[in-house]
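Hi there,

Here is the structure I promised to pass on to you. Have a look at it first, and then read on for what turned up in it.

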Amino acid sequence: MARIKDIAEKAGVSISTVSRVLNNDPSLSVSDDTKKRIFEAAEALSYKKKAARKPEKIKIALVYWYTEQEELNDLYYLSIRMGIEARCSMKNIRLTKYDLTHLEEMGKEQIQGIIAVGKFSLAQVEKLLSVTPNIVFVDCSPDDNRFDAVVADFEKATEKVLTYFTEKGHTQIGFIGGRENYKDASATIEDPRETAFRRWMQAAGRWNEKWVYIGAFSTEDGYRLMNEAVREHGDALPTAFFAANDAIAIGCLKALAENNIPVPGRVSLIGVNDISLSKYVFPPLSTVKVYTELMGETAVDTLLERLEGRTVAKKIFIASKLVCRKSG
């Protein structure tokens with residue numbers, strides 16, 4: 001097979017000149033006659049340029065704290081995952097999914113980075129670190145100084161809801177939320193919506209512990225807790241409720257309807273997430289839209305920055321939008 005050196009000897013020019021001509025270097029200044037000699041020599045020697053070597057795909061792991069069944073019950077995480085997968089496909093990144101029970105398998109692979117979706121205890125974080133230091137957390141931030149994180153700004157979302165209720169004349173506002181535990185059962189996780197609700201209501205002088213109900217982030221618990229609130233308060237039921245997610249809010253709507261309590265005539269209700277179903281329930285649910293797919297996309301971009309050499313950790317808050325329908 002002919003080499004660039006052979007072409008240079010036949011054309012009577014330097015190897016560097018041959019290389020730059022064959023690669024169409026726009027900064028090279030040579031005569032047309034020289035270029036012609038080089039191309040003729042290359043053709044006579046049957047020279048073929050080597051095909052550019054395709055870069056290997058970046059290989060990253062998606063570590064997921066939810067099971068498939070749990071994901072179906074809470075579309076928040078499903079939407080984040082879809083955003084991650086779409087971005088990886090667009091960037092030609094190889095993505096492998098692992099759950100928390102199979103982290104040992106990940107250590108056997110040549111993983112360059114990890115996107116960890118969900119809530120992770122410090123012990124679980126250390127396990128991830130044993131695979132790679134390049135980690136982006138989505139929906140939690142275990143250490144702002146060490147790790148990148150992409151989170152929804154639930155504090156601002158809560159403030160939007162409470163400001164809206166106040167502008168509508170509500171002073172008695174209840175909260176129905178949920179709490180979760182780390183999968184290793186090491187601790188209960190504080191929900192930023194509950195924390196922000198308490199802080200805001202206390203500052204406004206309207207805090208009442210009896211108006212706060214906490215269960216799981218599920219339709220079933222939304223239904224159960226709203227029924228409990230109706231039984232306990234009767235005619236003194238708060239005039240508005242903030243539900244920590246749409247699943248809870250949909251359960252609340254069912255309970256209010258069964259108790260013949262008009263929404264929003266007697267009780268106004270706002271949820272969080274803006275899942276597709278929220279616009280089809282009766283009445284259509286007012287909610288805070290969280291841009292979950294964007295969270296997933298941003299996580300991929302943030303991890304790529306890490307792989308390109310960024311060393312300073314950053315935490316990205318994704319904004320939300322209050323979507324007013326009929327229930328609020």
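This is a predicted model: local features need pLDDT of at least 70, side-chain atom pairs count only at pLDDT 80 or more; totals for chains, interfaces and linings use all residues.

Which strands does β6 pair with? One is β10 (residues 240-243), joined to β6 in the parallel sense over four bridges. There, Ile173 has Ala240 as its bridge partner. Another is β9 (residues 212-215), which runs parallel to β6 and is joined to it by four bridges. In that pairing, Phe175 has Val212 as its bridge partner.

Now turn to the open sheet of six strands. Its order is β2-β1-β3-β4-β5-β13, and the pairing is parallel. At the edges are β2 (94-99) and β13 (315-318), each of which pairs on one side only. From one strand to the next, the twist averages 20°.

Within this sheet, β1 (residues 59-64) pairs with β2 in the parallel sense over six bridges, and Ile60 stands opposite Leu95 of β2.

Two helices to find next: α7 (residues 122-129) packs on the sheet and touches β1, β3 (113-117) and β4 (135-138). The direction of α7 makes about 145° with that of β4. Helix α12 (residues 292-307) also packs on the sheet, touching β1, β3, β4, β5 (148-152) and β13. The direction of α12 makes about 165° with that of β5.

Enjoy exploring!

Best wishes

Notes
Residues are numbered from 1 along each chain as its sequence is written. Side-chain values use heavy atoms; hydrogens and water are left out. Two strands pair if DSSP finds at least two bridges between them. Axes are lines fitted to C-alpha atoms, for helices over the stretch in contact, and angles run from 0 to 180 degrees between N-to-C directions. Contact means heavy atoms within 4.5 Å.
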